[in-house]
Amino acid sequence: MYQKKIKFVNSILFRMSLWVLGVGIGGILLITCFVRFQMRYNIEKQITEEMQQIRDNTLLYIHQILLLNNDIVGEEGFEKSVRAVKQQLRSVGYREAAYYNLDGELLEQSGNRILPGEKREDFEKAMELNSTFTLYCRKDSQCEVYFTMPVEIIGKRIGYISYYFDYGEQYRREWNTFERTFWITAVIFALICLITWIMLWRMVSSIRNLSRVTSEISLRLSEGQFDHAAAGQLTFNGRKDEIGELSLNFTRMLDVAEEQFQRIQDDNSRIRNLLNSRQEFYNNVTHELKTPLTTISGYAQLMEKNGQEDRELFYKGTRHILGESTRLYRMVIQLLEMQEEKGTKDKKVLNLTALIVNVADTMQIKAKRYNSRIVPEGIETDYYVKGREDKLRQVFINLVDNAIKYGEPGETIRLIAEAKKDKVCVSVVNRGQGIENKDLENIFEPFFRTDKELSRELGSTGLGLSISRKIVKEHGGNIEADSTPGEETVFMVSFPGIGSEVNV
Amino acid sequence: MSKLKKRWMRQSILAMSTVIVTGSILCGCSRQEMTRTISLPDIEDEGKGISGIVIKNIQEYTYGGHSEDNLRLAWGKTGSNTAIQLRYEEEGYVYRKIDINTKETISKEFMDDRMVSNIQIAPGGRYVSYEAEPAKKASPELVVFLAEEGEHIVLREWNESLQFFSYIWSDDGTKLFSWQDGDNYAFSPDTDWCVTCYDMETVKQDSNGGLTIEKKEFRMEGNGHAWRHVLPNADGTKVYVREEYESFSDSKEKEYSENQEIKKKKAAKNWLIMPEKQEIKKLQEYADEPVNPVKYTKKGLYFQKEGKLLLVENPEDTPSVKELFRVAGMEVNICGNGDHIFLIEWMDDLQSMQLSGVKLEGTEPTAKQALYKASFEGGDCISADDSAIVLQGYEYLENDRCNFKVMELGY
């Protein structure tokens, strides 16, 4: 729960929402402050201007009255004419007024409102300095102005007048305007916030979707699986913006990653197999090396003990030691051959048909020992390949040798040359016990034998087919085996053909 | 930063947001109490300034009567404390001289029992000029009534009822100048016209016992449909005349046809008439657009153009124009010396008439200053001389009654 909350608080949506909200509220606050300030400024400015006008008018009217009544411009004249002044000012609309002499004593008053001057700041300031008004704005939209002005005619101060004006109506009007502005602004800001939030949500939901998919994919990856189906959950909704582009790129990246992942998997498998086969190879080599050495060592020990007395043992031991050491030597030679890296620079165009005929002739003698015979087929056409004759001869001799050794004695071994598409194929076909299907895929592996005892008896090192495959691969060809146990076994070697008639 | 701190910060942000929301709602739309005390700047600091014109005394006379009774009010001779009233009474139009202190009629003279129009009381109130229609004639005659003598002099008669004449008194109220108006309805505008000067000091009894007056006629060159201005100086010794017209390519020579394209060529002619010398002097033109001459004074000729008041110095020799200030929406009155300019404005939703003054020091105007204000529904300036300005105003009361007021503001 706590983690979820932390995640929510850290989310872009939450933080941006907070920002939008903050900016929105800040904006409203700023506008509100500005409008309030402006409203206050307007009211004050308007009232100031009106008070100035009232002051000017008042002074003008009082001067006129003093002149009309032939009164002296002075405190005495003002006190004398104060009724006329009151009447005049009432007639021009200044109904709520109080008239004071220079000592601040009330001379006359018009209207219902009592204006006790001495307690008001405006009155005190007017007595000390200049015309002053006090503005009282209350919560109930009441707005009152108390205005006190010194009466100065031709530079002579002769009394004071305090006015009362009700600005409630105007204040209410200003407030109504302000309230309307406030709410309209608030609604506009709310709409802006809402729209921004929706846009933000849309944007963030895509990112969240992306995040979820990556999370699922990485989870599966940790289990060693690549879940491409999760990438399908990315919804673009036809978006062509940066988010859409990001999703598209991400999908593309997933495709590439999947491909790479598959490759890595394959490589892993291959490496594993390689490691396994190396281990197996190592085991086989040590085993194959150990077996003759055991024999040699055994006979050597026997010969050391009894060889001088037992001549038969001596000769038998000598023969075994020679045989095993020869096989050991051959095995080492073959192992070295397997490690050899032959380039293609020594390859020459050679007549494969002639080579097959030659191999068949060479191996006829050994075949006769098994009452078998070798029959080359397809030799009426000369097929040419590019390669090293000695190596290719070794391949075919090895295949024919295996066919003789493991085939049914007395059966015919067919050596067929033929062209298939752009390849030249040579098949060695024999009849015999054949190879089980499960063994077919391993027979080219070093030291693999279907019948180890038999093979060893027959003097096999277990490396012949491996070397053959290596040589064929080095010539850009392929070697395959197919067998129906108890019936027929076929080893087919194919090379890239360079034509059937080549002018060598 | 630790997780706890981060968390605390976020919580703080949230809390602050809540406070701001609440605060903005509470502070933003709630009405608050406010008390402000503001001192107004000094009048001098406001930049309003002082015109330099000081009203030294005010005298006024108010007549309350039926709205149709009162024909005109005027002020008597300066210092005489009298007001002049023309009223329609049972016997006809009556001239009354009233003591403004006692409000009593000093003298009462019968003026005329005919229908009269275009009445003007000469400054000082000794003479009244008006147009009256004789009983058996269709065309009017220009009559001057001599109040002190109680006599009439018919200054001139017109044969054609379509002729329109204007006249004006000099500021001292001794000379009357009449001229044929030149607007589009004037009869035969192309014909030459004349300015006639009547000097009231030349009134004498003829052999038949009647009164005669000397008149001097000055023939002016007619030039088509025109607007004419005749402005005498304070004592009537010099009269500025201007004829301003839209020329139809000299209508005297070429016959005017409505189908012809009207050429809007503005043209004007200016003259100076000196009645005593019997001279007419042609003056240089000073404006390239139509203007409205206001007053011919010792300072020069004042005229209005596009809401501004301008002064032509030395109009008689080498006129030079100086722009003074805006007077749009104001009635302009200038004293004979030309150094006191009075402006009448209607304020407070046209409920108050305010008189402001501007003094001309050299050719530089001082600040405009309010001099007088009163609540009137209508009114105007009767005269403005070098020591006083006379205003009249009226306000309607109930039952078709009206208060007519005339004021003399001495400065």
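**Helix packing, chain contact and strand pairing**

The crossing of H2(A) and H3(A) is right-handed. The model in which this crossing is described is predicted. Helix H2 of chain A spans residues 12-68 and helix H3 of chain A spans residues 75-91; their axes come within 9 Å and cross at roughly 120°. Angles from 65 to 115 degrees count as roughly perpendicular and those over 145 as roughly antiparallel, and H2(A) and H3(A) are therefore oblique to each other. On the side of H2(A), the residues that meet H3(A) are A:Thr58, A:Tyr61, A:Ile62, A:Ile65 and A:Leu66. Their counterparts in H3(A) are A:Gly77, A:Ser81, A:Ala84, A:Val85, A:Gln88 and A:Leu89. By class, this contact of H2(A) with H3(A) comprises seven nonpolar and four polar residues, with no charged residues.

Between the two chains, 40 residues of chain A are in contact with 28 residues of chain B. On the side of chain B that touches chain A, two or more residues are given by each of helix H1 (3-29), strand E1 (34-39), strand E2 (57-66) and strand E29 (369-375) of chain B. H1(B) supplies the largest share of this side, with eight residues. In terms of residue class, the side of chain B that touches chain A holds 11 nonpolar, nine polar and eight charged residues.

Strand pairing also links the chains. Strand E3 of chain A, residues 132-137, pairs with E1(B) in the antiparallel sense, over six bridges. Within E1(B), B:Arg36 stands opposite A:Leu135.

Strands of a sheet pair through backbone hydrogen bonds, in either a parallel or an antiparallel manner. In chain B, four strands form an open sheet in the order E3-E4-E5-E6, with antiparallel pairing. The edges of this sheet are strand E3 (70-75) and strand E6 (104-112) of chain B, each of which pairs on one side only. On average, and with direction ignored, neighbouring strands of the sheet are turned by 20° against each other. One of the pairings in chain B joins strand E5, residues 92-99, to E6(B) in the antiparallel sense over seven bridges. Here B:Asp99 stands opposite B:Glu104 in E6(B).

Note on methods: Residues numbered from 1 in each chain as written. Chains lettered and ligands numbered in written order. Predicted model: local features only at pLDDT ≥ 70, side-chain atom pairs only at ≥ 80, totals over all residues. Axes fitted to C-alpha atoms, helices over the stretch in contact; angles between N-to-C directions. Parallel < 35°, antiparallel > 145°, perpendicular 65-115°, else oblique. Left-handed = near helix turned anticlockwise from the far one by under 90°. Contact = placed C-beta atoms within 7 Å. Nonpolar A, V, L, I, M, F, W, Y, C, P; charged D, E, K, R; others polar. Pairing = 2+ DSSP bridges.
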